Each structure stands twice: as C-alpha cells, then as structure tokens.
Amino acid sequence: MYSDLIQSLPNVIAWANIAALVIGVLAGIVVGAMPGLSATMAISVLVPFTFGLEPLVALGLMAGIYNGAMYGGAIPAVLLRIPGTPAAVATTFDGYPMAQQGKGGYALQVAVVSSAFGGMASAIALMLLAPPLSRVTLLFGPAEVFWVAVFGLCSIIFLLGGNVTKGLISACFGVFVSVVGSDPIFGNDRYTFGQLELLDGIHIVILLVGLYALPPVIDLLESPLKTENSAGDRLGTEPIWRTFPQMLRFWKTWIRSALIGIWIGILPGAGGSMAAFMSYNEARRSSKTPETWGNGEPEGVAASETANNADTAAALIPALTLGIPGTAVAAIMLGGLLIHGLQPGPMLFRNNPDIVFGFMWQFLFGAILLVFLGGSLATNSFAKLLKLPRPLLGSVIIILMLIGVYSIHGRMFDVYLMLGFGAIGYVMDKLRFPLPPVVLGLILGGFAEENLRLALRIGRGNWMVLFQNVTSLILVALTVAVVVGPMVKHRLIDKKKAESKG
Amino acid sequence: MHNKPTHRFLRAESITAFYIIVVAAAFLIPTTDLAPLSALLPAAMLVGLILLALVMLITDQRKAAAGEEAEAVVKSPKRVFGAFGLIILYAICVDLIGFYISTALSLPLVAFIFGYRSPVGLAIATAIVLLAIYLIFGVSMSQEFPTGLLWAK
Amino acid sequence: MQKIFKTIALASAFLTMAGTAFAQYPEKPIKVIVGYSAGGGTDVMARTVAPFLEKYLGDGASIVVKNMPGASGQIGVTEVANADKDGYTLGTYNLPGMMARTLDRKADYDASSFSYLANVVNDPNVIVTSKSSGLDTVEKLLAEAKANPGAITVGMSSLGGDDHFLLRKLQQMTETEFTIVPFRGSAPARTALMGGHVAMGILNISEVSAFKDEINVLGVALEDRSEFAPNVPTFKEQGVDLINGSMRGFVAPADLPDDVRDTLLAAFEKLKTDKEFAAAMKATANPVQVVTGDAFEKLNADLLDFAKSVWEESPWR
C-alpha cells in the first residue's frame with residue numbers, strides 16, 4: 001500500500017499541480033480572511049469549475065484552499081476581532097489582545113507557523129492511517145454500507161447546535177431533499193413534477209451555495225458599513241526567522257493540539273471550530289500561567305490555529321475510505337472527487353491510487369507552502385484589503401455564485417433552484433437553524449435509503465439481512481455507542497457538577 | 001423597531017413553523033402515489049417535519065405567552081428584500097439578455113445601490129471582474145455562459 | 001463607380017457560390033450533443049469519433065461536442081429531437097436506454113423523432129459470478145437457478161437497461177428465475193460482486209476486462225468472441241443463444257435534407273474500414289461495431305419491439 005504513496009509523488013510535483021496548490025493556498029488565505037466567506041463556500045464555488053481540469057490540479061486547488069482558509073480566518077480574527085471563518089473564533093481570544101498591544105504581526109506569525117504544523121501533522125496522519133482503513137474494502141456490501149450511512153446520520157446529533165428541535169428539522173429537511181429525483185431501485189420519479197432537471201436529484205453544490213453563500217452575501221449588503229478601523233496600523237512585524245525561535249517553546253501545545261485536531265477530524269460531524277475550542281481549553285488547562293490567557297498569550301493563538309488546521313486532512317480519512325464526510329468541506333470535496341469519477345469508499349484506493357495519494361501529498365505540501373505564502377501575506381498590506389467596500393464585495397460574490405452553479409450542468413434551472421435554497425437558507429440562518437445537518441442529511445439520506453433497499457432485495461425482503469454478519473453488527477454497536485456515549489457522559493458531568501456544588 | 005411583531009402569531013418562529021407544516025403536508029399528497037418502499041423515507045421525513053414544526057410552534061407560543069419578546073430577525077428588511085430581489089433580477093437578466101451584458105450592468109448597479117458610490121471605483125471594479133471572468137472561465141476553462149434567450153432566434 | 005460595380009459583381013459571384021455551397025454541407029461547425037457529463041463512456045466515444053468524422057466530412061468541417069448531462073441522457077436526446085433539421089445539430093444515442101425511456105416515463109420524443117446516422121459502439125453483455133459463489137460455468141449457474149428459483153442474486157445497473165434485458169432473455173430461454181439487484185451503475189455492482197454480496201453480475205465487456213482475475217467471466221453475449229477478452233467463450237458456444245449489448249451511436253433530428261443525410265452517412269460509413277479509428281476506440285475501451293443508416297434504424301425498431309414486449313409482460317416500474 002505504502003509503495004503507492006511513493007509512486008504518486010512524481011505526479012504531484014508536476015508544475016501544473018504545484019501551481020494549482022500555490023494558487024489554492026493564496027486564494028484560501030484571501031477567502032478565509034474575508035469575513036463571511038468560508039472555506040466551505042470557496043470550495044463549493046470552485047467545484048463546478050474543476051470539471052474540465054485534470055483531477056490533481058482540481059484537487060490541489062481544493063487542498064490549497066482548505067489549508068489556506070483555515071489560516072486566513074486568523075487574519076481578521078487577530079486584526080479586527082472578526083473571525084474570518086467559524087473555526088477562527090478561538091483565535092480572537094488572545095490574538096486580538098496581542099494586536100492591541102502592538103504585537104499583531106507576531107500573533108499572525110504564530111498563527112501561520114501553528115497552522116502549518118497542524119496541517120502537516122494532519123496530512124501525515126491521513127497518509128498513514130487511511131491506507132490500512134481502505135483494506136476493509138470488500139467487506140462492505142449494501143447492508144454494511146447502510147449501517148455506515150446510519151452511523152454517519154447519527155453523528156448529526158453533534159451538529160444539532162443549541163436547539164434540538166431546530167437541528168432535527170434541518171436534518172429532516174436535508175434527508176427529504178435527498179429523495180427528490182428518481183427512485184434508486186425502480187427509477188420512477190419522486191417529487192420531480194415532470195422536470196427532467198430534477199430526475200438526477202438535487203446536486204449538493206446547488207444546495208451548498210444556496211445555504212452557505214447567499215445568507216452571508218445578503219448580510220454584507222444589509223449592513224454596508226465599512227469594517228471598523230483596526231489596530232493593525234501598527235503590526236510591529238519582525239522577520240520570521242527572528243521570531244521563530246521564540247515559538248519553539250509551544251512545542252507541547254503544538255503536538256497536543258494537533259492530536260486533538262486529528263481526532264476531531266476523524267469523528268464524523270465535528271469540525272474545525274470544535275477542534276479549536278477544545279484544544280484552546282486543553283492548552284489553557286495545562287498552562288502554568290493560566291491568568292495570562294485571554295490577555296494576549298501567544299500560546300492561545302498557537303493552540304487554536306494548530307487544531308483548526310489539524311482538522312483538515314484528518315476529516316478526509318472517513319470521507320475517502322468510507323465515503324462519510326467528517327465536515328461540510330470534506331463533503332464538498334467528496335463532490336469534487338465524484339466529478340472526476342472518483343467514487344469515495346473503500347474501492348477508491350484500489351482503483352485510483354495515483355490520484356488519492358497525490359491528493360494526500362498535496363495536503364502536506366499545502367501546509368508547508370502556508371508558511372511561505374502566509375508569512376509574506378501577513379503584513380500591513382493585507383489589512384488594507386479588508387477595507388474593500390462591502391457592497392462591491394457582495395456583488396462580486398453574487399456573480400461568482402451564479403457562474404459556479406450554472407457551470408455544474410450548464411443550465412439556468414439550477415441557478416433558480418439555488419436561489420430558492422438561498423431564501424430557505426437565509427431564513428434558517430436568521431432563525432438559528434443549524435446548517436450542517438441539512439448537508440449531512442442530503443448526502444447520507446438517499447445513500448442510506450438506496451443501500452437499505454438494495455440489501456432488502458438481496459435478502460429477498462427479509463429485514464434480518466441487515467444483521468447477518470460481523471461487520472454489520474460491529475457497525476450497529478458503534479452507532480449505538482456514538483448515540484448513547486455522549487448522553488452518558490453528559491449525565492456524569494452533570495452529576496459531578498451537582499456534587500461539587502452540593 | 002419596525003418589524004417587532006404586534007401579534008403573538010406573527011412571531012417569526014411561529015410563522016416559519018406554520019409554513020413548514022403547510023409545505024410538508026402539501027408534499028405528502030404526491031407521496032401517496034408511490035410504491036410502499038419508495039414512499040417510506042420521504043413520508044417519514046415529512047411526518048417528522050410536521051411533528052417537529054408543531055413542537056417548535058408550541059414552544060414559541062409558550063414563550064410568547066410568558067411575555068418573552070421575539071428577537072429581531074433582520075436589521076433592515078428593506079435592504080434584505082432589496083438585495084434578494086436584485087439577485088433574482090440579475091439571474092433572470094442573465095437568462096434573458098446574456099451573461100456578460102447582465103454582469104456588466106448589475107455589478108455596478110448593486111454596488112451603487114448598496115452604498116458604494118465612487119464612479120471611478122465602480123468602473124475599474126467592473127472592468128477587472130469582467131476581464132478576470134472572461135480570461136479565467138471563458139478562455140482558460142472554455143466555459144460557455146448563457147447568451148440570452150431574447151437574442152436566440 | 002467602377003469600384004462599386006466590381007463589388008457588386010464580386011458579391012453576386014459570392015452569392016452564386018453560396019448557392020452551390022449550400023449543397024456543400026457543412027459550412028459551419030456541427031454541434032454534437034452528448035447527454036452525459038464530460039468524461040463518461042458516451043462522452044469519450046463522441047470525442048474519439050469527432051476528429052475522424054471531421055476528416056471524412058472534409059472541407060475543414062469542425063465538430064463541437066456539447067455536454068447536456070441529466071436524466072440518463074434524456075435531456076440531451078430530447079434537445080436533439082427538437083433541434084433544427086439542418087444537420088448542424090447531432091446527438092449521441094444510447095440503446096436500449098433511449099427507447100426504453102419512451103416506455104417507462106414521459107418522453108418528448110419517440111422512435112420517429114430521429115434520423116438514424118450510425119451506431120458506433122456495441123458493448124456486449126457478459127455474465128460474471130463471484131469467486132466465492134463457485135458457479136464458474138454457465139451450466140452450473142443454470143442448474144443452481146433451476147434448483148432454487150430466485151436464490152441467485154444478480155447485481156446489475158438500473159432496470160430497463162441492456163443488463164436487465166439480457167437477464168429477461170436468459171430467463172425466457174432457460175425458464176429460470178433470478179433475483180434482480182439494480183445498483184446505480186456498473187461500478188458498485190461490480191464491487192458488490194467482488195465482495196461476494198451478490199452471486200452473479202451482468203456487466204459489459206469493457207467493464208470487466210480489468211477485473212478478469214477477481215471474478216469469473218462466464219460468457220459474452222455476442223455472435224463471435226470479443227477482441228477485448230478472446231478467452232471468454234460466447235453463450236452460443238455454450239448452447240444458449242444470447243445476443244445483447246449496450247449500444248452507442250449518433251442521431252440527428254428526423255427529416256434531414258437528403259443531401260445532408262447522404263453526406264453524413266457517407267462519412268460514418270468510412271469509419272467501418274478505418275484502422276486508426278478502430279485502434280483509437282479500443283484504447284478508450286469502446287468495442288466498435290459500425291451500423292449506419294437504415295440498418296441502424298432497423299436495429300432500433302427491433303430493440304423497441306423487444307422492450308415493448310418486456311414492458312407489457314412485466315413492467316419494471
């Protein structure tokens with residue numbers, strides 16, 4: 001298996017692929033740095049354009065954007081206290097105080113080095129852990145795949161957010177959208193109302209652009225005030241080779257946060273923001289000087305930024321090997337892989353080792369590139385770009401959305417559909433319905449149904465076919481553990497709290 | 001606060017819950033035509049939506065009864081509806097008169113309406129964006145964009 | 001003044017030339033609508049055929065492939081059926097899918113909507129079994145199917161396609177019964193077969209040539225052995241007269257002008273003997289069998305009749 005890893009390396013070093021990676025990282029940093037634009041949105045806008053590209057060029061762009069955006073979010077988080085991406089929220093805790101003290105440049109350098117470290121650790125984990133996982137390939141027939149999908153659907157409970165009812169409504173909505181189109185077995189129409197355009201189901205990108213990109217655009221236009229003036233006028237940047245030795249004392253935090261980020265990444269349904277929060281808390285807990293945290297402790301920036309980048313490649317481990325996207329970005333990347341005929345799942349490593357392992361290398365190189373590209377971008381010049389007039393920014397994004405969705409199938413029908421989802425997404429966003437369950441529901445709902453019904457046909461209508469072998473039973477047990485485990489844990493924590501109070 | 005609800009049934013959450021129920025119920029009608037296994041999942045989801053929306057409605061009404069004020073959903077509804085309307089208008093224009101013309105018109109228009117008034121800035125931005133799109137998508141990716149239904153025939 | 005006369009003379013000369021040039025189809029790019037996305041089997045066929053067609057149409061003819069994916073090719077083929085009848089819009093055409101769709105769902109076209117130009121690819125069906133099933137000959141397979149009707153699960157791509165029709169033919173001929181498991185496409189069906197989750201599979205020869213070691217290929221539904229797998233016997237050799245496959249070709253809207261139709265048919269006809277073309281098609285895993293004009297129309301009509309008989313007997317949806 002690992003020989004494929006080495007064999008795929010020469011392909012990755014082709015100039016077009018490296019160029020794609022560089023462009024991706026740069027674009028990712030810019031996108032991440034713009035409040036309201038996330039990696040999710042950038043990649044969902046990008047995916048349809050990659051139709052005509054070589055797979056590795058397309059995937060290099062995506063890997064670059066993902067890595068770049070996870071760091072880019074730190075720039076406005078540090079300079080303006082506006083997290084550029086959701087995962088950068090924890091970066092504001094110490095990054096912004098540092099900027100106020102005139103150490104913004106140092107904060108950004110810590111962020112970029114930590115991000116790169118997290119990204120590299122994650123990429124290496126992906127390279128080493130994914131191949132063994134892919135060996136279980138052929139154990140997964142329809143019954144087993146059904147249980148995998150159910151397992152993934154159950155991870156929705158981690159995505160529900162504060163309000164369980166709303167989270168479940170989001171999930172049901174997502175699953176319902178997934179059944180539009182032709183029935184997986186009989187091929188008859190379901191809810192297509194005679195529209196041939198709906199027969200293949202609703203493309204994930206249409207839904208994603210509608211839900212994730214339109215609401216922020218409307219927000220941009222709703223309050224067109226210029227972003228408030230920053231303390232970033234005085235960054236106090238020193239050359240990175242002089243500041244780097246000072247950072248080496250974070251090594252424990254780097255390793256700990258990287259492990260947390262990778263672990264969260266492998267768990268389906270979690271995500272960069274959860275990784276960043278957890279690792280920030282853990283780092284503070286083990287610090288000798290917890291009182292400096294929140295007042296400009298560079299180690300806090302390091303913890304948060306390492307973890308949110310360590311989440312990136314690791315989230316692809318379940319996505320590539322089992323077809324279960326760990327995060328929304330991983331979900332879109334699966335779409336990107338599908339476009340190039342790369343069916344995610346156990347067979348992927350067998351059928352397309354060059355591309356899959358090349359993709360992994362790109363994650364590693366993307367993380368390394370981050371230091372060079374991010375390091376030079378994180379200067380005063382970037383603060384100016386953030387002052388781009390918001391109405392202008394908004395209208396440019398609108399155009400990109402239209403191009404992106406139109407390019408999927410080359411038809412305006414999809415654009416109107418996207419606008420419809422945008423309206424729904426806006427209402428959901430404003431009423432605080434969580435969006436990730438919709439995405440996960442759309443991806444896994446129809447998938448679960450199709451495999452359930454295939455399994456039932458294989459079992460000739462007998463539902464016991466779902467429990468007939470060890471793999472299925474293990475998956476059932478895992479699912480139960482995922483659902484029940486957190487409940488038990490919450491009980492225990494509540495109990496402890498009650499005891500300590502009493 | 002112009003969009004503060006005057007009536008407890010006009011709270012944004014209640015209205016949304018009500019709409020979810022109505023739409024989900026409407027989708028149940030075509031569901032009856034499907035074969036049993038084919039209808040299983042969609043029917044379960046629709047019924048789930050109806051039940052959950054009912055819970056949401058009741059929760060929100062309880063809050064209303066308890067005198068809790070609903071949060072303002074949008075800061076300025078005019079701008080929101082305006083923005084959404086303009087986006088739809090832009091899509092229709094692309095369909096009817098073609099991508100490049102509509103984009104050249106709508107980019108400065110939207111930016112102008114929403115508060116960016118510098119004519120030089122608008123002209124430069126429009127030129128850069130159009131050129132970039134043409135070069136990146138039109139030339140290097142050989143993407144075709146709608147040419148406009150009005151001009152076809 | 002003289003200049004103007006000159007221009008007029010020139011212009012009229014051009015006009016008369018244009019008059020004759022009208023016969024010299026094609027005078028502008030020909031659009032070929034592919035009902036699948038770029039990179040799919042049908043798309044690859046269209047893009048492989050295009051340069052050869054350009055060569056044989058001559059006069060710097062140019063062909064532009066346009067993908068209109070969706071609804072298993074139905075969106076694209078509907079567009080072709082309703083296009084201008086001037087020969088500047090052609091489309092790819094898949095059998096038996098395109099005709100089966102006129103039976104099992106609402107379609108805005110029928111068999112009379114097209115001028116049948118040429119079928120280019122005939123990808124014959126193969127019956128495969130998993131190594132773990134132990135059913136490594138047609139004989140054993142049929143014996144098992146007769147002993148336990150419905151016990152053998154058959155993985156294939158969707159109902160109403162060539163795989164499905166092959167199984168219908170097999171069931172009719174041998175009076176056996178199998179349990180159909182229709183996957184979304186051949187790749188997942190093949191994966192399930194390799195894992196032993198289904199016992200038997202119906203695929204196309206181009207889809208199994210890379211997997212000969214992992215599965216048993218029992219036979220090919222062709223008159224003579226296929227050059228893609230010369231070791232695999234035909235069903236005829238094994239006593240079952242099964243001929244079936246997935247076909248891909250080109251059509252234009254019905255009622256083309258005669259000269260245009262003749263030009264196109266002549267160009268397609270030349271593909272039959274082009275060795276370079278055959279090599280290019282083999283490299284892209286496309287088994288070639290060129291059938292042009294009326295023969296293609298007859299092929300289409302026969303397939304439609306068979307599909308109709310299946311549909312009337314046991315509608316699949």
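The structure is a predicted model, in which local features need pLDDT of at least 70 and side-chain atom pairs count only at pLDDT 80 or more, while totals for chains, interfaces and linings use all residues. Residues are numbered from 1 along each chain as its sequence is written, chains are lettered from A and ligands numbered from 1 in the order in which they are written, and side-chain values use heavy atoms, with hydrogens and water left out.

Chain A contains 24 helices and two strands, where helices (H or I, at least four residues) and strands (E, at least two) are DSSP runs numbered from the N terminus. Of the 502 residues in chain A, 63% are buried; here buried means under 20% relative accessible area, exposed means over 50%, and partly exposed lies in between, with a 1.4 Å probe and protein chains only. Contact means heavy atoms within 4.5 Å, and among contacts in chain A between residues at least 6 apart in sequence, 80% join residues at least 24 apart.

Chain B meets chain A through 56 residues of chain B and 52 residues of chain A. The area buried between these two chains is about 4700 Å², of which carbon and sulfur atoms give 81%; buried area is the accessible area (1.4 Å probe) that two parts lose on being put together, summed over both. On the side of chain B, the residues that lose the most area to chain A are Leu52(B), Phe84(B) and Ile87(B), which together account for 12% of what that side buries.

Between chain B and chain A there is one salt bridge, a term that stands for a side-chain nitrogen of Lys or Arg within 4 Å of a carboxyl oxygen of Asp or Glu. This salt bridge is formed by the side chains of Glu13(B) and Lys166(A), at 2.4 Å from N to O. Five residue pairs, with both residues at pLDDT 80 or more, are in polar contact between chain B and chain A. A polar contact is a pair of N or O atoms within 3.5 Å; within protein, one must be able to donate a hydrogen and the other to accept it, and residues adjacent in sequence count only if both atoms are side-chain atoms.

The side of chain B that touches chain A receives at least two residues from each of helix H1 (12-31), helix H2 (36-65), helix H3 (77-97), helix H4 (99-113) and helix H5 (119-140), and H2(B) gives the largest share, 13 residues. By class, this side has 42 nonpolar, eight polar and six charged residues, where Ala, Val, Leu, Ile, Met, Phe, Trp, Tyr, Cys and Pro count as nonpolar, Asp, Glu, Lys and Arg as charged, and the others, Gly among them, as polar.

An unreviewed UniProt entry lists residues 12-31, 37-59, 80-101 and 121-139 of chain B under "transmembrane region"; such annotations may be inferred rather than shown by experiment, feature names are shortened, and positions are given in the numbering used here. In the model, residues 12-31 of chain B are 100% helix and 0% strand, with end C-alpha atoms 29 Å apart, and residues 80-101 of chain B are 95% helix and 0% strand, with end C-alpha atoms 25 Å apart.

Chain C places 28 residues in contact with 27 residues of chain A, and the two chains bury about 2300 Å² between them, 57% of it on carbon and sulfur atoms. Arg105(C), Arg184(C) and His197(C) supply 25% of the area that chain C buries against chain A, more than any other three residues. Arg105(C) also joins Asp189(A) in a side-chain salt bridge of 2.4 Å, N to O, and the count between chain C and chain A is one salt bridge. Four residue pairs, with both residues at pLDDT 80 or more, are in polar contact between chain C and chain A. Helix H3 (74-81), strand E6 (179-183) and helix H7 (186-194) of chain C each supply at least two residues of the side that touches chain A, with the largest share, five residues, coming from E6(C).

Some local backbone features remain to be described. Leu95(C) and Pro96(C) are joined by a cis peptide bond, with omega about 0 degrees, and Pro96(C) lies in the loop between strand E3 (89-95) and helix H4 (97-104) of chain C. Phe193(A) has a positive phi, near 50 degrees, in a residue other than glycine, and at 58% relative accessibility Phe193(A) counts as exposed.
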